[in-house]
Amino acid sequence: MPGGAPGRTHGAAPRTPPPTRPGPASHAHPRDLAVQAAVARGLVGPGEPVAGLLDVDGIRRSAAELRSAFEEFTAPGTPVLHAFAVKAASLVPVLRLLAREGLGCEVASPGELALARAARVPARRTVLDSPAKTRAELREALALGIAVNADNPEELSRIDGLMASAPSTAPIGLRINPQIGGGSIGAMSTATGTSKFGVGLRDEGARAWVVRACLDRPWLTRLHAHVGSQGMSLKLMAAGVADLYHLAEEINEQAGRRQIDTLDIGGGLPVNFASDAVTPTFRDYAALLRSTVPGLMSGRYGLVTEFGRSLLAKHGTIVARVEYAKSAGGRPIAVTHAGAQVATRTVFAPDSWPVRVAAYDVHGLPKTGAPVAQDVAGPCCFAGDLVAENRPLPLLGSGDHVALLDTGAYYFSTHFAYNSLPRPGIHGYTAAPDGTVRFATVRAPQTLADLTAESGGDTPDALRGLT
Ligand SMILES: *Cc1c(COP(=O)(O)O)cnc(C)c1O
């Protein structure tokens, strides 16, 4: 793949770029074509030294794979809502794209709900989670008919009050923590014994309390669990879903009717950050659920899923210019424009969130050359702002580019405002078989005027009255 695409005629960014055709490129990876085209058209360049790219066909493919996986393993006619976890890619055009592929939204804050509504996702395809919903948020969700999953007993009593004053037909559920244990990343493990999420099912008296809480509230018709994100084994995830299913069966038996009619099994399918292979697949997980909890897929229950990372991660790429190449203590360092502001978790927890880095030359073509161990640094002013340490890559020079792969979820869409670095532009792309790349702006680069205004720039004298 490296060096295979002849395309040097595109050189530096032309002023009015034609559609980029890198020649006979049928073997080039769409991502390589997109990087080259982004550089050729100046979407990444001296003025915009970092950008996010999203593979639109890839996102649509993942959405279709999710839907067909559950269609294959559930009984015909089973209602299934796939609610995309908005925090994984909080970008309105992405939510709209997914909505057109038949997905809804899982939201966990007033901001995420506003984004879902801006994407015209209907209330009946929206699910509100969050451990800290205010009374106003709950009231709004119930009035809109959005499904709400209560996190804890106090929230449930708030909902009691709201339902008494303004009965709602919104589906209401209760979040359960099956307390099955954590995965390999502590901060991502939501089903530990002391997790802050949901009602701990194995705590003393908790199971009986949950059953009673449901029997006392005929409108409580759903159970919800999200047992972790990244680092959880599929087996453990399926075990958590099995606990949820058995609890629902117990409640329904005691109620003498099918009171619990829908199970929300959360998201959390892990992503492979080590290669381009998509593993595990949605189909792997659906098949495992079918064999672990056959009743779940039998049509007895409607299903809600809340996948985030597994739908988007593989379809995003951060492209950044190498501003300087230097060395310290004998180690080469490429100083780039992608650091903690766009790869926050990778920079602060590199062992849990390693990313692949690909090297491209000044024209955005895959860079060749013997691998040399080097650091890939970001622009932030703290020493730990490295996206890769001692990583063997073709030696990077100034004007080259780096790409951080698999960064479509929780990376550039989840900007960290350190050093007042502006939010980079995000561009969706498609790459045709003949190599033609088309772009559409998902989010324009943040201007310094906007950044200044967000930082109180419109009221510079605000503190004068206090002095
Ligand atoms: C974050 C989150 C998700 C999505 O998790 P992924 O690992 O991105 O699939 C789903 N449900 C809830 C409640 C969450 O907090």
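**Close-up views of the predicted model**

**View 1. E72, at 42% relative accessibility, counts as partly exposed.** The class runs between buried, under 20% relative accessible area, and exposed, over 50%, computed with a 1.4 Å probe on protein chains only. R283 is also partly exposed, because its relative accessible area is 44%. The model is predicted, so local features need pLDDT of at least 70 and side-chain atom pairs count only at pLDDT 80 or more, while totals for chains, interfaces and linings use all residues. Residues are numbered from 1 along each chain as its sequence is written, and side-chain values use heavy atoms, with hydrogens and water left out. The side chains of E72 and R283 form a salt bridge, N to O 2.5 Å. E72 belongs to helix α2 (residues 56–73) and R283 to helix α9 (residues 282–292), so this pair, 211 residues apart, links distant parts of the chain. Helices (H or I, at least four residues) and strands (E, at least two) are DSSP runs numbered from the N terminus. A salt bridge here is a side-chain nitrogen of Lys or Arg within 4 Å of a carboxyl oxygen of Asp or Glu; the structure has 18 of them.

**View 2. R217 and D160 are joined by a salt bridge.** Their closest N and O atoms are 2.7 Å apart. The two residues are 57 residues apart: R217 sits in the loop between α7 (206–215) and β8 (220–224), and D160 in helix α6 (residues 153–165). R217 counts as buried at 13% relative accessibility, whereas D160 is partly exposed at 25%.

**View 3. D276 and R356 form a salt bridge within a network.** The closest N and O atoms of D276 and R356 are 2.7 Å apart. D276 is in the loop between β9 (262–264) and α9, and R356 is in the loop between α11 (344–348) and β13 (357–360), 80 residues apart. D276 is partly exposed, at 36% relative accessibility; R356, at 17%, is buried. The network of salt bridges links R31, D276, K314, R356 and D406.

**View 4. T407 is buried, with 0% relative accessibility.** T407 lies in the loop between β16 (401–405) and β17 (425–431). A polar atom of the T407 side chain is 3.2 Å from the backbone nitrogen of I318. This pair is a polar contact: N or O atoms within 3.5 Å, one able to donate a hydrogen and the other to accept it within protein, with residues adjacent in sequence counted only if both atoms are side-chain atoms. Leaving aside residues up to four places away in sequence, T407 touches A313, G316, T317, I318, V355 and F412, where contact means heavy atoms within 4.5 Å.

View 5. C380 is in no disulfide, and the nearest cysteine sulfur, that of C381, is 7.4 Å away. A disulfide requires a pair of cysteine sulfur atoms within 2.5 Å. C380 is buried at 7% relative accessibility, while C381 is exposed at 62%.

**View 6. Helix α3 (residues 92–100) has V94, L95, L97 and L98 as its buried residues.** Seen down the axis of α3, these residues fall within an arc of 160 degrees, so they line one face of the helix. The arc is taken from the directions from the helix axis to the C-beta atoms. G102 follows α3 and has a positive phi, near 95 degrees.
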